[in-house]
Amino acid sequence: MQPDEAGIRKAAEALRAGGLVSFPTETVYGLGANAEMDTAVAAVFDAKQRPSFNPLISHVANVAAARKLGIFNAVAEKLARAFWPGPLTLVVPVAPGCRVSLLARAGLDTLALRVPAHPVARSLLAACNFPVAAPSANISGAVSPTRAEHVREGLGPRIGAIIDGGACEVGVESTIVSCVDETPVMLRPGGISRAEIEAVINAPLQRVSAQTHDPDNDGGNTPLAPGMLASHYAPRARVLLQAASAGADDAVLDFSGQLSDWAGSVAAYLDLSPSGDLREAAANLFACLRQLDSRGVAQIAVAPVPRDGIGEAINDRLARAAADRD
Ligand code: TXA
Ligand code: MG
């Protein structure tokens, strides 16, 4: 589907009627559904084959719409004003009268809200008079899609429509910050860096570790960011981090040309950013993982990537891609 006026109108109508529409955001492609409609939200979990009902992010067109759904404390207000529209998700207490489906919230009395910056997402949300629940548009646990064709390859026949808005600029998901308590907590590193957030809140930002909040452990605790599965964003191939060597059958994912000497002697070689630009590396991350994985190699050896700025999110996604799984 084209991101022109007619396409957007049709997509909004499909969503209103309970259909699933994949749309581009600046981070990754989302699989959108009317967040106020239980059956539509259930269809999202079904299409993604999510193992459990993790809560979904509700997307809205602007801060005013977000304030009707959630209760914003002073920190949440500050962050919303600084980073919306943009790749930041805020978890806040649900406002009275909020009609977001309990299924989308996984029964929690908190809500994840995001105002995306991508022009196509913005026009789509402006055409909807309801919040749009949208996880990344991939089969659960697979690499997130940053192009329309990734969505088509993974979910194709399972969804109504895909709006093609080209490649996603940021390339990793939004940063999630919980503002449920006075002290904000980072639940997932992402498109907005820790340093950018700390500069706004004027304090160090706490981070919840994925391990203590793994939704698949049966500890019975309510997970803070249930999507923080240790193994997530996983290609088929094994992923080896901080690679010190690579075999002739391996693929190599480089950063800043550190492993370029190996390019001629391995099965496949890609560099996330030959010039060492972390933003470019984030934008290329998922597409590169997909491309190397499609070569059918057993292992992808990855060069070290610096942890500053958006590098924290890149390292987080790489660690998940490398985590042990069945
Ligand atoms: O960049 C993004 O955020 C993309 C695009 C499409 O907007 N969306 C995305 O959604 O990454 P998803 O469903 O893959 O990730 C949602 C994350 C999960 O980790 C989920 O557990 C967390 O948000 N989440 C949602 N509601 C929550 C809540 N009430 N409390 C804590 N975490 C929540
Ligand atoms: Mg996802």
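Predicted model: local features only at pLDDT ≥ 70, side-chain atom pairs only at ≥ 80, totals over all residues.

Colleague: Which residues of helix 5 are buried?

Modeller: Helix 5 spans residues 119-127, and Val120, Ala121, Leu124 and Leu125 are buried there. They lie on the same side of helix 5, because they cover an arc of only 125° around the axis. An α-helix has 3.6 residues a turn, so residues three or four places apart point the same way.

Colleague: And what does the face turned away from the buried side carry?

Modeller: That face of helix 5 carries the exposed residues Pro119 and Ala126.

Colleague: You mentioned strands 3 and 6. How many bridges join them?

Modeller: Two bridges join strand 3 (residues 57-59) to strand 6 (residues 132-133), and the two strands run antiparallel. Serine 58 has alanine 133 in strand 6 as its bridge partner.

Colleague: What is the strand order in the open sheet of 10 strands?

Modeller: The order is 7-1-2-6-3-5-4-8-9-10, with mixed pairing. Strand 7 (161-162) and strand 10 (206-207) stand at the edges; each has a single partner strand, so one side of each is left without a neighbour in the sheet.

Colleague: Let us turn to strand 14. Are its residues buried or exposed?

Modeller: Strand 14 covers residues 299-302, and all of them are buried. Gln299 and Ala301 point one way, whereas Ile300 and Val302 point the other way. In a regular strand the side chains alternate between the two faces of the sheet.

Colleague: Which residue stands opposite isoleucine 300?

Modeller: Valine 239 stands opposite isoleucine 300. Strand 11 (residues 238-240) pairs with strand 14 in the parallel sense over three bridges. Strand 12 (residues 251-254) also runs parallel to strand 14, joined to it by three bridges, and valine 252 has alanine 301 as its bridge partner.

Colleague: A change of topic: how many aromatic pairs does a search of the whole structure find?

Modeller: The search finds one aromatic pair. The ring centres of phenylalanine 72 and tryptophan 84 are 6.0 Å apart and their planes are at 70°, so the pair is edge-to-face. The pair links distant parts of the chain, 12 residues apart: phenylalanine 72 is in the loop between helix 3 (63-69) and helix 4 (74-83), and tryptophan 84 is in the loop between helix 4 and strand 4 (88-93). Both phenylalanine 72 and tryptophan 84 are buried.

Colleague: Which residues touch the most other members of the largest nonpolar core?

Modeller: Phe72, Leu79, Trp84, Leu88, Leu90 and Ile197 do, in a core of 46 residues. Among the elements that each supply at least two residues of this core are strand 2 (30-34), helix 2 (38-48) and helix 7 (194-201). Apart from it lies another core, of 29 residues, including Val143, Phe255, Ala268 and Ile314.

Colleague: And what does leucine 88 touch?

Modeller: Not counting residues up to four places away in sequence, leucine 88 touches residues including Leu79, Phe83, Leu113, Val177, Ile192 and Ile197.

Colleague: Finally, how many disulfides does the structure hold?

Modeller: The structure holds zero disulfides. For cysteine 98, the nearest cysteine sulfur is that of cysteine 128, 16 Å away. Cysteine 98 is buried, with a relative accessible area of 12%.

Methods:
Residues numbered from 1 in each chain as written. Chains lettered and ligands numbered in written order. Heavy atoms only, no water. Pairing = 2+ DSSP bridges. Helix = DSSP H or I, 4+ residues; strand = E, 2+ residues; numbered from the N terminus. Phe/Tyr/Trp six-rings, centres within 6.5 Å; stacked < 30°, edge-to-face > 60°. Buried < 20%, exposed > 50% of the residue type's maximum accessible area, 1.4 Å probe, protein only. Arc of directions from axis to C-beta. Disulfide = S-S within 2.5 Å. Core = buried A, V, L, I, M, F, W, Y, C linked by side-chain atoms within 4.5 Å. Contact = heavy atoms within 4.5 Å.
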